[in-house]
Amino acid sequence: MKNTLRILLLGFLLTARALAEDGWQTLFNGKDLTGWRPNYYPDSWSVVEGTIRARATKASSHLFFVGAQPEGQFVKFTSFVLEMSVRSEPKSNAGIFFHTDYEAPNGEHHLANGYEVQLNSTKDEARKTGSLYAVVDLAESPVNEAEWFQVRITVKGRHITVQLNDKTVVDYTEPENVERSRERAGRKLKPDGGAIALQAHDPGSTFYFKDIRIKRLD
């Protein structure tokens with residue numbers, strides 16, 4: 001038993017070292033929410049069987065990657081590749097935000113700034129999984145959300161791609177001096193970067209996240 005544990009620990013250390021040498025940073029340790037902080041309703045977030053579970057207790061809650069930053073701050077990412085594995089319970093809604101911040105001015109606590117990659121296993125929601133929400137919307141989901149699927153978001157300069165299970169579903173370049181509608185005015189890339197955040201959308205929705213890692217490209 002001791003030898004088996006030593007082998008498992010050695011394998012973990014070698015994998016972590018290889019990821020670090022290749023430029024990848026692991027964002028979730030698989031045990032607890034160290035390095036993450038919710039903006040509202042902390043009970044919306046828990047760790048279940050090595051995954052982050054998002055299930056809002058009231059209105060929307062967002063879980064920000066903060067690393068070792070003090071209260072009220074978060075880690076900024078500008079150009080990067082973000083990867084994670086995701087699945088959902090039936091009839092669920094969630095999202096992955098980037099280039100965002102804590103600003104959430106309405107009563108539902110929707111984030112005002114940055115982009116959202118939609119996660120959605122409902123039939124009624126028009127914007128399906130993989131959509132760059134309200135910018136490049138998909139009418140059909142490319143995946144079965146009940147099964148684990150990989151999300152890869154790449155931001156390089158003004159170019160954004162979204163891949164699901166290695167298939168590119170969004171390929172978008174933000175125009176210079178882009179103008180959005182009034183309600184989406186903050187849906188823009190920030191020159192100095194912004195936060196990574198996960199969304200717990202509503203009490204009827206449950207999504208799971210694991211294997212979360214990021215590689216900076218700047």
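## Core, sheet and loop

Setting aside neighbours within four places in sequence, Leu82 makes contact (heavy atoms within 4.5 Å) with Leu27, Ile96, Val151, Arg152, Ile153, Ile196, Ile212, Arg213 and Ile214. The model is predicted: local features require pLDDT of at least 70 and side-chain atom pairs pLDDT 80 or more, whereas totals for chains, interfaces and linings use all residues. Residues are numbered from 1 along each chain as its sequence is written, and side-chain values use heavy atoms, with hydrogens and water left out.

Leu82 also belongs to the largest nonpolar core, which has 42 residues; Leu82, Ile96, Phe98, Phe209 and Ile212 touch the most other members. Such a core is a set of buried Ala, Val, Leu, Ile, Met, Phe, Trp, Tyr and Cys residues joined through side-chain atoms within 4.5 Å. Buried denotes under 20% relative accessible area, exposed over 50%, and partly exposed in between, with a 1.4 Å probe and protein chains only. Another core, of eight residues, lies apart from the largest one and includes Phe64, Phe74, Phe97 and Ala197.

Five strands form an open sheet in the order β2-β5-β12-β7-β8, with antiparallel pairing. Strands are DSSP runs (E, at least two residues), numbered from the N terminus, and two of them pair if DSSP finds at least two bridges between them. β2 (36-38) and β8 stand at the edges with a single partner strand each, so one side of each has no neighbour in the sheet. From one strand to the next, the twist averages 20°, with axes fitted as lines to C-alpha atoms and angles running from 0 to 180 degrees between N-to-C directions.

Strand β7 (residues 93-100) pairs with β8 over six bridges in the antiparallel sense. Two of the facing positions are listed below.

| Residue | Opposite residue in β8 |
|---|---|
| Ala94 | Leu119 |
| Ile96 | Val117 |

Six of the six residues of β8 are buried. Tyr115, Val117 and Leu119 point one way from the strand, while Glu116, Gln118 and Asn120 point the other way.

Asn144 lies in the loop between β8 (115-120) and β9 (149-156). Asn144 is partly exposed, at a relative accessible area of 43%. Its C-alpha atom is separated by 9.2 Å from that of Ser88, 56 residues apart along the chain.

Terms used
Helix = DSSP H or I, 4+ residues; strand = E, 2+ residues; numbered from the N terminus.
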